[in-house]
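Subject: Structure for your files

Hello,

Here is the structure I said I would pass on. My notes on it follow below the model.

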Amino acid sequence: MDRKHANKKCARASLIPFHNPTGLTTTQAHRQQLLALAEKYECPILEDNAYEGINFDAVPAPIKALDKNNLVTYLSTFSKTLMPGLRVGYMVVTGKHYQAIIERKLLHDLHTSSISQTIVSEYLASGHYRRHLSRLRTDNLQSRNTMLQALERYFPEEIRWTVPTGGLFLWVQLPDDIPIGTIRKEAFAQNVYLACGSAFFPDKQGYPAMRLTFCLPPEEIEQGISIVGKLLKKYISKGCVDTERLVVKHRISNYQPLVHSL
């Protein structure tokens with residue numbers, strides 16, 4: 001367990017909180033470095049914080065909070081925390097881009113549902129949203145911990161994963177030779193759906209991986225991880241993976257995040 005967690009701690013860099021699909025969160029220093037580069041090259045930043053509010057630990061301030069030159073446009077939504085069907089989000093825009101974004105919004109969909117916006121407004125004003133987020137964080141933390149414990153219990157030693165501090169996902173890095181497509185089909189036949197890592201790379205290129213979501217009830221998480229773990233062990237035992245080479249490789253290499261640090 002210690003060796004696995006040591007590997008995971010090497011990968012704490014992403015460009016947004018609770019990055020989808022990795023579940024990673026960038027540090028405050030990384031955010032400041034990113035903003036400094038944006039200022040140097042006059043490059044706008046679109047900060048998408050869809051999972052705002054569903055953190056388990058304290059998180060750094062948004063990049064927008066550090067922005068003194070109006071380079072950052074901040075986005076978030078209530079679809080991940082309140083009700084997906086409402087389809088209500090919001091933006092924080094300052095500086096020269098404000099009017100242009102307003103115009104593009106009007107041209108794109110003319111008008112967001114007044115009923116949906118009113119529902120969200122009344123819910124926020126009532127104070128229920130803060131209590132709802134508190135319950136959601138508690139439930140998600142329990143589910144995340146259930147998944148982490150199940151991964152330790154059922155997955156082979158050759159597998160590594162991230163430990164998110166919020167959001168809904170974690171990222172599993174697989175051995176190079178594992179037949180993830182076959183495993184995905186066999187898992188689906190047992191009512192377990194896996195998101196293959198290739199879907200999150202340009203042109204579906206990259207290393208073998210999968211995204212797992214922990215927003216399900218603990219008993220379903222336990223069952224699903226058990227099924228996937230058995231499939232992984234089956235194909236490793238069949239010789240699909242060179243385990244001797246893999247163990248040495250994992251001892252001398254760090255975790256490879258989907259989004260590399262600057």
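**Nonpolar cores**

The largest nonpolar core contains 29 residues, and those with the most contacts inside it are Leu151, Phe155, Val172, Met210, Leu212 and Leu232. A nonpolar core here is a set of buried Ala, Val, Leu, Ile, Met, Phe, Trp, Tyr and Cys residues joined through side-chain atoms within 4.5 Å; buried means under 20% relative accessible area, exposed means over 50%, and partly exposed lies in between (1.4 Å probe, protein chains only). At least two residues of this core come from each of α6 (128-154), β5 (169-173), α7 (180-188), β7 (209-213) and α8 (218-237). Of these, α8 gives the most, with 8 residues. Another core, of 13 residues, lies apart from it and has Leu86, Val120, Leu133 and Phe169 among its members.

Please keep in mind that this is a predicted model: local features need pLDDT of at least 70, side-chain atom pairs count only at pLDDT 80 or more, and totals for chains, interfaces and linings use all residues. Residues are numbered from 1 along each chain as its sequence is written, and side-chain values use heavy atoms, with hydrogens and water left out.

**Overall figures**

The protein chain has 9 helices and 7 strands. Helices (H or I, at least four residues) and strands (E, at least two) are DSSP runs, numbered from the N terminus. Of the 262 residues in the protein chain, 44% are buried. The chain's accessible surface comes to about 14500 Å², and carbon and sulfur atoms hold 55% of that; accessible areas come from the Shrake-Rupley method with a 1.4 Å probe, and for residues only the protein chains shown count as cover. Among contacts with a separation of 6 or more, 72% are between residues 24 or more positions apart, where contact means heavy atoms within 4.5 Å.

Four strands form an open sheet in the order β4-β5-β7-β6, with antiparallel pairing. The edges are β4 (160-161) and β6 (195-196); each has a single partner strand, so one side of each is left without a neighbour in the sheet. Two strands pair if DSSP finds at least two bridges between them. Antiparallel β4 and β5 are joined by 2 bridges, and Trp161 has Val172 in β5 as its bridge partner. Leaving aside residues up to four places away in sequence, Val172 touches Phe155, Ile159, Arg160, Trp161, Pro208, Ala209, Met210 and Leu212.

Helix α5 (residues 114-126) has 13 residues, which at 1.5 Å a residue should span 18 Å, and its end C-alpha atoms are 18 Å apart, in agreement. The expected span of a helix is 1.5 Å times one less than its number of residues. At the N-terminal end, Ser113 caps α5, with a side-chain oxygen 3.4 Å from the backbone nitrogen of Ile115. Just after α5 comes Gly127, with a positive phi of about 90°.

Helix α6 has 27 residues and reaches 38 Å from its first C-alpha to its last, close to the 39 Å expected. Its buried residues include His132, Leu136, Asn140, Arg144, Met147 and Leu151. Thr146 also lies in α6 and is buried, with a relative accessible area of 13%. Not counting residues up to four places away in sequence, Thr146 touches Pro218, Ile221 and Glu222.

**Loops to look at**

- Asn20 and Pro21 are joined by a cis peptide bond, with omega about 20°. Pro21 lies in the loop between α1 and α2.
- Thr25 is in the loop between α1 (2-8) and α2 (28-41), and is buried at a relative accessible area of 13%. A polar atom of the Thr25 side chain lies 3.0 Å from the backbone nitrogen of Phe18. A polar contact is a pair of N or O atoms within 3.5 Å; within protein, one must be able to donate a hydrogen and the other to accept it, and residues adjacent in sequence count only if both atoms are side-chain atoms.
- Asn191 has a positive phi of about 65° although it is not a glycine. Asn191 sits in the loop between α7 and β6 and counts as exposed, at 76% relative accessibility.
- Asp203 is not a glycine either, yet has a positive phi of about 55°. Asp203 lies in the loop between β6 and β7 and counts as exposed, at 71% relative accessibility.

Regards
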